[in-house]
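Open the model in your viewer and keep the selection tool ready. We will go from stop to stop, selecting a few residues each time.

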Amino acid sequence: MNCDQLLLHPRVSAALRRVQLKSVQDVVCASAPDLQRLTGLSNSDVQQLITAAAAACRRHPPITAQQLQHGVSGVRLGCPVLDRLLRGGLPVGGITELAGESGTGKTQVGLQLSLSVQYPAEHGGLGAGALYVCTEDSFPIKRLHQLIGEQVCLRSDVPADLVNSLRFSDHVYIEHAADLDSLQVCLTRRARLLLARGLVRLIVVDSVAALFRAEFQADDWLERNRRLLTFSSTLHHLSQEFSTPVLCINQVTDVFSQSHNSMGPSSSTVSPALGLAWANQVMVRLMMRRLQGMVIRGEQSSALRRLEVVFAPHLARDGQDTAVWTEGLRGVESWTSNRK
Amino acid sequence: MQTYGQEGALNTDTELSHVLHDSKHQAAFYVEENKPQDLLRSFISETGLSEEEAVEVLKAVKGGGGGGSGDFSASLTALELLQKEEELRSIVTFSSQLDESLGGGIPVGKITEVCGVPGIGKTQLCLQLAVDVQVPQCFGGVEGQVMFIDTEGSFLLQRVTDIAAAAVRHCSLLAEDDEQRAATETFTVETVLSNIFLVRCHDHVELLAELHLLPDFLSQHPKIRLLVIDSVAFPFRLLFDELSQRTRLLNGVGQQLITMAINYNISVVITNQMTTRIRDGQSHIVPALGECWGHAPTIRLLLQWEGSRRLATIFKSPCHMETMVQYQITPEGFRDADQSEMPQSKQPRMDTDQSAADPKETSS
């Protein structure tokens, strides 16, 4: 925003023009004595200027917690057991990370959310499509079609004609980003456009680790952290501006005993990749692990997995056994599981 | 009476002080409180200033320096300071061990920084304090309101409601006399939520702007006793390339926070992230934002993991031993690790209640 738009005393505006101080951001970031020295204005004039500039930078005046919207809690996965673990699904603002070894079912979660976000709000969606950014592999389009076909089976809580009326595959926007620059372009240009038009209310990045791990050597960590911060701040801005959930799928790295206890107790020997710099940017961290054993349901069988909440401001550290079926990921209640 | 002996110290603009300097020898001006209009008129005629400028000079003289901060200038003796500090109650954390090592809780009038790795419970402690500051006075609380500046988006209503409900339940279980029962009538989850003022700041500019506007807001809401910024690190860590600018801005933030803490008798609680520093070929985890920022908070509290235990360490404080206590995050909020031990807030109350119930004690 420009200083010309502020309602200021002509004397102050003239002084600002003289020293070519244009943006309110510059005024807010400068200290009062600095401004006084620069503009030659009096103390009270400078105070008025700062107050006016600060008021222009503020988006909303303070509200009480009671006035916060109780409405949307997030995007549900569509399985009541898992939605209970996540207290209503993926939170609307902020980055949710899902980390795990390969083959644990991370991508399944991403795909399932891309479909469940398309349901109307009363069925746990946001009534809009999803942007799916692939950096690792080609998009599993066959699996997506299989999931779409089985939606009626997964979402038995939703009337079947509503499920059939939704045209799921039209609302999953797929992007491939082969390097960091194209990822950044994709997020700042195309993602913003899709969000602004209301076509999309979910961003899935599968996965963040691939590009950051591939493009930097071990001694480039400073540059890597810088790019990582730029990337995560882009996601944060998009997420907040359009109140859109963001799911980042991450790889894991082996942990050695020393760094092990600083990040907390972990039930496995791996921890999410990209270290502390990335962890600081994440609001909710989930992990998927493969467990020993199989679950059998009729004709189908699935390896037993566990979805764990590592940290989240609103969730307890907890976990839930899950299995991947043709219709998607479902929690396994201990009394129904049929381990072998 | 005050003379213009030191107008060089006044923060008026250079043009004004130049005029003042010229007229100083010809006319000795005295600020007489009872005749402001006469004074103004003669002042204008002597100096040839415009009325507006003359008013500004007089205001600057009266304000004793003319800073925006008003009447914060009286010097106090150490004894007065001690008495003043003893009057201020601390904000309990609901972990009796941590309260004990902090001498009663998070102090009012000081900056306390909470550092720790993600997921250790920094935000949980902040949310807990935002509820705890509202505990009615008859329960030993501060009974204030709270200003919560959220830079990370981690203020989730679900969780605050959990913690508030647990605190309300805790107090209603403790209520024994009429005063306390009356207080629990108004201490409900709805009132707790309505006493939390929330601002969401998306970047460092918005945070700085909010801090500039905060003194006015605090004057309008004199019941605010706690300011939380969760977290300071998040918006500032993006200024990765401009380290000198970051240091300058952070110094300004530190100054603003301590001024507000003292002027408005509020407790300032801020959170900070951790970062890896490599020293002597070994990597250490240290609080972020650099060495210089470490001077801003009065108390630094480090939350860390040790195996599966959560530990809180006071590692910077002018008036506390470096102690380490264990805590846990339960569905109810921030609590002592050992459940079998009675919360501290309960113990003294039980004693006084017993003596009140015993007729012999009260009559003697």
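Start with a pair that spans two chains. Select Arg59(A) and Glu206(B): their side chains meet in a salt bridge, with 2.8 Å from N to O. Keep in mind that this is a predicted model.

**Stop 1: where the chains meet**

How many salt bridges are there between chain B and chain A? The count is three. Residue pairs in polar contact between chain B and chain A number 13, with both residues at pLDDT 80 or more.

Now colour the side of chain B that touches chain A. Elements giving two or more residues to this side include α3 (51–62), α7 (157–174), α9 (189–194) and β3 (196–200) of chain B. Also among them are α10 (204–220), α12 (243–263), β6 (274–279) and β7 (282–287) of chain B. Which element gives the most? Pick α10(B), with 10 residues. By type, the residues on this side of chain B divide into 23 nonpolar, 19 polar and 15 charged.

Next, show both sides at once. The contact takes 55 residues from chain A and 57 residues from chain B. The size of an interface is often given as the accessible area lost when the parts come together. Here chain B and chain A bury about 4900 Å² between them, and 61% of that is on carbon and sulfur atoms.

**Stop 2: strands across the boundary**

Select strand β1 of chain A, residues 63–64, along with β3(B). Two bridges join these strands, which run antiparallel. Click on Ile63(A): its bridge partner in β3(B) is Leu198(B).

Move on to Gln66(A), in the loop between β1 and α5 (80–85) of chain A. Is Gln66(A) buried or partly exposed? It is partly exposed, with a relative accessible area of 36%. Leaving aside neighbours within four places in sequence, Gln66(A) is in contact with Glu190(B), Leu193(B) and Ser194(B). From C-alpha to C-alpha, Gln66(A) and Trp221(A) are 43 Å apart in space, and they are 155 residues apart in sequence.

**Stop 3**

Select strand β1 of chain B, residues 111–116.

Look along β1(B). Ile111(B), Glu113(B) and Cys115(B) point one way, while Thr112(B), Val114(B) and Gly116(B) point the other way.

Strand β5 of chain B, residues 267–272, pairs with β1(B) in the parallel sense over five bridges. There, Cys115(B) has Asn272(B) as its bridge partner. Strand β8 of chain B, residues 299–306, is also joined to β1(B) by five bridges and runs parallel. There, Gly116(B) has Leu303(B) as its bridge partner.

**Stop 4: inside chain A**

Select Ser302(A) in strand β10 of chain A, residues 300–311. Ser302(A) is buried, with a relative accessible area of 4%. A polar atom of its side chain lies 3.1 Å from the backbone nitrogen of Val324(A).

Finish at helix α11 of chain A, residues 208–215. Its buried residues include Val208(A), Leu211(A) and Phe212(A). Among the elements covering the buried residues of α11(A) are α10 (180–196), β5 (200–206) and α12 (221–241) of chain A. At the start of α11(A), a side-chain oxygen of Ser207(A) reaches to within 3.4 Å of the backbone nitrogen of Ala210(A).

Definitions and conventions: Residues numbered from 1 in each chain as written. Chains lettered and ligands numbered in written order. Predicted model: local features only at pLDDT ≥ 70, side-chain atom pairs only at ≥ 80, totals over all residues. Heavy atoms only, no water. Contact = heavy atoms within 4.5 Å. Buried area = accessible area lost by both parts, 1.4 Å probe. Salt bridge = Lys/Arg side-chain N within 4 Å of Asp/Glu carboxyl O. Polar contact = N/O pair within 3.5 Å; in protein donor to acceptor, adjacent residues only side chain to side chain. Helix = DSSP H or I, 4+ residues; strand = E, 2+ residues; numbered from the N terminus. Nonpolar A, V, L, I, M, F, W, Y, C, P; charged D, E, K, R; others polar. Pairing = 2+ DSSP bridges. Buried < 20%, exposed > 50% of the residue type's maximum accessible area, 1.4 Å probe, protein only.
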